Amino acid sequence: MTRSTIKKTSKSTSIQTTKADHHIAKLTALAIGLHVLEAVFPSPLPGVKPGIANIITLYVLIQYGFGTAAWVSLLRVFASSLLLGHFLSPTFVLSLSGALLSLAALWLAQHLPKRYFSVITLSILAAFAHIAGQLLIVRLWLIPHAGVSYLIPIFAFAALVFGIVNGVICKRLINSSHQIS
Amino acid sequence: MRQLLLLLTNLLLISCTPNEPLYNTQTYVFGTLVDISIYGESDEKAQAVATKIIHQYNDLHQRLHAWKPSELSTINQAFASGQTPITVEPDIAKMIADIAFLSSQSKGAFNPAIGQLIQLWGFQNDTFSAHKVDTESVKSLVAKRPQMSDIVINSNQIHSTNPSVQLDLGGYAKGYALDMGVAYLKQRQVNNALINIGGNIIALGQKGEQPWRVGIQHPRQPNAIATIALPSGWAIGTSGDYQRYFVLDGKRYCHVIDPSTGYPAQGMQSVTVLIPPQANAGVLSDVASKPIFIATANARVEAAKSMGVKHFLVMADEQDIQVSDAMQKRLSWLDTKAEKQLKVIQLD
Amino acid sequence: MIKFSRDRKPLLGDWLVIVIGAIAVIYLFQTLWSNAPASQLQIRQADKIIGTYDLNQTRELHIHGPLGESHISIDQGKVRFKQSPCTNQYCVHQGWLAHAGQVAICLPNQISLQLIGENKPYDSLNY
């Protein structure tokens with residue numbers, strides 16, 4: 001996307017795309033697919049979801065940089081909600097706030113020294129930020145009740161577990177893609 | 001649709017709270033809250049028993065009232081007017097003898113003979129308020145040395161060799177009432193009950209499969225700092241500077257008065273004692289915390305020992321919390337901040 | 001673009017983050033689960049239960065006692081004595097109550113507030 005160039009000729013507008021653009025587009029489609037898949041499957045605990053689509057965000061962050069990752073993440077949130085018919089509903093707002101906070105965490109965390117911190121750290125921090133963003137909306141808007149604090153430990157625990165798992169999966173993906181190239 | 005939802009939530013609520021055979025009633029006696037829970041009896045019987053206990057309490061309160069005409073105030077008048085003996089009811093004579101014994105055991109730290117000091121500080125009043133107390137009056141009242149040992153008991157005839165002796169059983173009556181309540185429950189063959197009089201609690205039996213559980217109030221916050229299981233026959237009592245007090249010029253004056261100085265005890269927020277089963281467990285839960293509350297920092301353990309107390313929790317302030325090893329074993333802490341400040345005292 | 005280590009295993013920093021994360025989760029469980037939030041409020045005047053109220057609302061209640069009217073305010077999960085005709089105002093100074101088992105009593109006006117939750121941590125309060 002960042003490398004696309006738009007050439008305006010006299011007759012038509014053609015967008016020249018790079019190989020990377022195609023790859024990113026495929027990844028975005030995959031992220032949307034994973035997001036929708038997760039939304040369709042019922043969760044044993046309402047609100048607790050593995051967030052496998054975040055693996056794609058992390059993968060894109062490592063391979064193509066923060067700007068592209070932000071695009072993929074936000075595109076996924078908007079497109080999935082449109083597909084599921086959640087657009088502008090509370091579910092969408094929860095998704096968006098989670099994605100925005102988790103992007104903010106990634107933006108800060110990408111400056112960590114790479115010798116000591118791998119994508120696993122990024123995944124855990126993003127997962128915590130994601131849940132923080134969602135709980136913030138729940139507490140401020142959806143359920144303005146002190147009782148919500150009771151759920152925080154459960155969500156935090158889920159965030160830690162899925163953060164580690166997603167991070168490990170993403171690390172393997174990156175390693176295998178390096179081996180291919 | 002709305003009705004259906006309501007019905008569903010009601011069903012859910014009913015299924016969540018199985019109908020426990022637990023009867024509870026609250027009322028106000030002794031100027032404080034009396035809370036009686038009875039487990040495992042029919043509501044009719046529990047209610048009848050609780051009502052009778054509350055009647056007994058009201059009766060006791062009338063008889064022992066320190067600042068309204070009562071049997072106790074008649075005794076106090078007789079004490080003040082000279083050494084002519086006065087005839088009292090046998091239970092009151094027994095009570096006074098018991099108090100004299102406990103007072104000597106505490107080396108005078110527990111001293112219900114200082115009714116005049118309590119009145120001077122304004123605590124003999126339903127609606128007491130902050131007021132200055134004349135230091136000279138305090139000094140002269142302390143100098144008159146009213147003590148329980150000044151009272152002479154001759155079967156049901158009593159008199160005082162010291163006219164300044166004025167009884168105030170505010171630190172005894174609630175504990176006495178706990179023992180009285182348990183005696184009546186046993187008489188009526190009620191095996192499981194919990195009586196709470198102004199924070200002093202005694203347990204009988206247990207609540208179903210579980211022992212009765214009691215929360216211990218934080219002296220400065222509206223929550224419990226810890227909980228403790230109260231097995232059958234055990235009693236728990238707290239003296240706190242937060243129960244009855246007034247603040248004057250930024251200084252807190254609480255209702256526990258040190259008989260040796262005549263001033264409210266300073267530098268202590270709360271003392272909780274746990275008393276194992278014995279005939280006067282209720283009385284001890286009320287009385288035994290006071291000598292510890294009044295004692296100076298290094299005399300507290302000694303004060304507890306003299307009252308035979310092995311289980312105590314002492315909060316001088318948020319940073320200075322002491323607990324005896326036997327007490328610590330039984331406590332489940334809720335307040336993690338307080339738990340970190342704990343100093344466990346090994347008693348031998 | 002960003003060159004991360006190709007090692008498959010978590011790095012030193014990853015372990016650090018995992019450990020800190022685990023500690024944070026344990027801390028959250030300890031602090032937020034030790035006091036169960038209350039869901040209902042029971043108000044008594046003398047020996048009568050005046051009523052049981054949902055805590056999840058904003059509401060002002062006026063309860064009559066021997067001294068006069070006490071104002072009680074419920075505010076989304078918490079409750080307090082807002083105004084009381086008593087001399088010492090201990091009940092007002094108690095402040096907000098939000099956890100199951102918490103109690104505020106106004107002895108002079110004979111009004112008690114008690115919070116009821118699913119898991120009441122104790123049967124009675126020693127104070």
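In the predicted model, helix 4 (residues 90-109) of chain A packs on helix 5 (residues 119-142) of chain A at an angle of about 140°, and their axes lie 7 Å apart. Helix 4 of chain A is therefore oblique to helix 5 of chain A. The crossing of these two helices is right-handed. Helix 4 of chain A contributes residues including Pro90(A), Val93(A), Leu94(A), Ser97(A) and Gly98(A).

The axes of helix 1 (residues 19-40) and helix 2 (residues 53-64) of chain A come within 8 Å and cross at roughly 160°. Angles over 145 degrees count as roughly antiparallel, and helix 1 and helix 2 of chain A are therefore roughly antiparallel to each other. Among the residues of helix 1 of chain A that make the contact are Ile24(A), Leu27(A), His35(A) and Glu38(A). Helix 2 of chain A supplies residues including Ile56(A), Thr57(A), Tyr59(A) and Tyr64(A). The contact of helix 1 with helix 2 of chain A has 11 nonpolar, two polar and one charged residues.

Chain C holds an open sheet of four strands, in the order 2-1-7-6, with antiparallel pairing. Strand 2 (48-54) and strand 6 (103-106) of chain C stand at the edges; each has a single partner strand, so one side of each is left without a neighbour in the sheet. On average, neighbouring strands of this sheet are turned by 15° against each other, direction ignored. Strand 6 of chain C is joined to strand 7 (residues 111-116) of chain C by four bridges, and the two run antiparallel. Ile105(C) has Ser112(C) in strand 7 of chain C as its bridge partner.

Chain C also meets chain B. Here 35 residues of chain B are in contact with 27 residues of chain C. The elements of chain B that give two or more residues to this side are strand 1 (22-29), strand 2 (32-39), strand 6 (193-197), strand 8 (212-217), strand 9 (224-230) and strand 10 (235-240). Strand 8 of chain B gives the most, with six residues. By class, the side of chain B that touches chain C has 12 nonpolar, 19 polar and four charged residues. Strand pairing also spans the two chains. Three bridges join strand 8 of chain B to strand 8 (residues 124-126) of chain C, and these strands run parallel. Ile216(B) stands opposite Asn126(C) in strand 8 of chain C.

Definitions and conventions:
Residues are numbered from 1 along each chain as its sequence is written. Chains are lettered from A and ligands numbered from 1 in the order in which they are written. This is a predicted model: local features need pLDDT of at least 70, side-chain atom pairs count only at pLDDT 80 or more; totals for chains, interfaces and linings use all residues. Two residues are in contact if their C-beta atoms, placed from the backbone, lie within 7 Å. Ala, Val, Leu, Ile, Met, Phe, Trp, Tyr, Cys and Pro count as nonpolar, Asp, Glu, Lys and Arg as charged, and the others, Gly among them, as polar. Two strands pair if DSSP finds at least two bridges between them. Axes are lines fitted to C-alpha atoms, for helices over the stretch in contact, and angles run from 0 to 180 degrees between N-to-C directions. Angles under 35 degrees count as roughly parallel, over 145 as roughly antiparallel, 65 to 115 as roughly perpendicular and the rest as oblique. A crossing is left-handed if the near helix is turned anticlockwise from the far one by less than a right angle, and right-handed if clockwise.
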